[in-house]
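Let's explore a protein together, one question at a time.

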Amino acid sequence: MSARWIAPAESPRAGAGTGPGDAAARSALNQVAAEQRLEKIVAQQGRAAELEAAEDWPAAVRQYEALLALDPTLGSAKQGLNRARQRAELAAALAETIANADALNEERKWQAARSLADRARQAKPVGPVLAAQIASLERALTVASVPVQ
């Protein structure tokens with residue numbers, strides 16, 4: 001939907017037959033405002049879904065927050081925000097662990113990384129970004145488990 005809304009002042013019949021506080025005019029303006037709001041919500045939901053598919057979790061979080069600012073009662077946006085926050089946290093933890101793979105020689109850090117890899121494998125859906133992070137972490141764990149001679 002990409003309708004162009006005509007503001008009441010732009011309408012060729014703006015004010016024709018209406019007076020201050022006219023209920024019919026007020027009702028029509030409210031309906032236009034509601035339809036514009038719905039159009040914006042639908043567009044933002046679509047954008048949030050695109051961001052999730054691209055595994056851009058921080059941007060998805062921001063998009064869901066913007067949706068909830070428009071309508072705090074949107075259950076799907078609440079669920080999406082929760083899902084995006086969890087995945088953003090997981091993606092950040094994976095990136096940090098992979099970036100600091102040298103620290104995996106310590107048993108405690110190796111075990112934490114193993115748990116993180118297990119948690120990552122449980123996440124659904126597994127897109128290409130998550131799959132690559134899991135593979136990188138598994139390689140780092142394998143390297144770290146080889147005894148130094």
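Predicted model: local features only at pLDDT ≥ 70, side-chain atom pairs only at ≥ 80, totals over all residues.

Residues are numbered from 1 along each chain as its sequence is written, and side-chain values use heavy atoms, with hydrogens and water left out.

Q: How many helices and how many strands does the protein have?
A: Helices (H or I, at least four residues) and strands (E, at least two) are DSSP runs, numbered from the N terminus. Read from that end, the elements run α-α-α-α-α. The count is therefore five helices and zero strands.

Q: What percentage of the residues of the protein count as buried?
A: Buried means under 20% relative accessible area, exposed over 50%, and partly exposed in between (1.4 Å probe, protein chains only). Of the 149 residues, the share that counts as buried is 27%.

Q: Why does Q44 count as buried, and which residues does it touch?
A: Q44 has its place in helix α1, residues 23-53. It counts as buried because its relative accessibility is 15%. Contact means heavy atoms within 4.5 Å. Not counting residues up to four places away in sequence, Q44 touches Q63, A66, L67 and L70.

Q: Which element gives the most to the lining of the second largest pocket?
A: On a 1 Å grid over the protein atoms alone, a pocket is an open set of points with protein on both sides within 12 Å along at least five of seven lines, a cavity is a set where a 1.4 Å probe fits but cannot get out, and lining residues have an atom within 4 Å of a point. The second largest pocket is lined by E96, T97, N100, A103, L104, K109, A112, A113 and L116. The elements giving two or more residues to this lining are α3 (75-99) and α4 (107-122). With four residues, the one that gives the most is α4.

Q: Which residues is T97 in contact with, leaving aside its neighbours within four places in sequence?
A: T97 lies in helix α3 and is buried, with a relative accessible area of 18%. A polar atom of its side chain lies 2.8 Å from the backbone oxygen of A93. Beyond the neighbours in sequence, the contacts of T97 are L104, A113, L116 and L137.

Q: About how much space lies in the largest cavity?
A: A search of the whole structure finds one cavity of 30 Å³ or more. Grid points are joined across faces, edges and corners, and a volume is the space filled by probe spheres set on the points. For the largest cavity, that space is about 40 Å³.

Q: What is the phi of E55?
A: Most residues other than glycine have a negative phi, and most peptide bonds are trans. E55 sits in the loop between α1 and α2 (57-70), and counts as buried at 11% relative accessibility. Although E55 is not a glycine, its phi is positive, at about 60 degrees.

Q: Which residue is joined to P125 by a cis peptide bond?
A: P125 lies in the loop between α4 and α5. The cis bond has an omega of about -5 degrees, and the partner of P125 is K124.

Methods
Polar contact = N/O pair within 3.5 Å; in protein donor to acceptor, adjacent residues only side chain to side chain.
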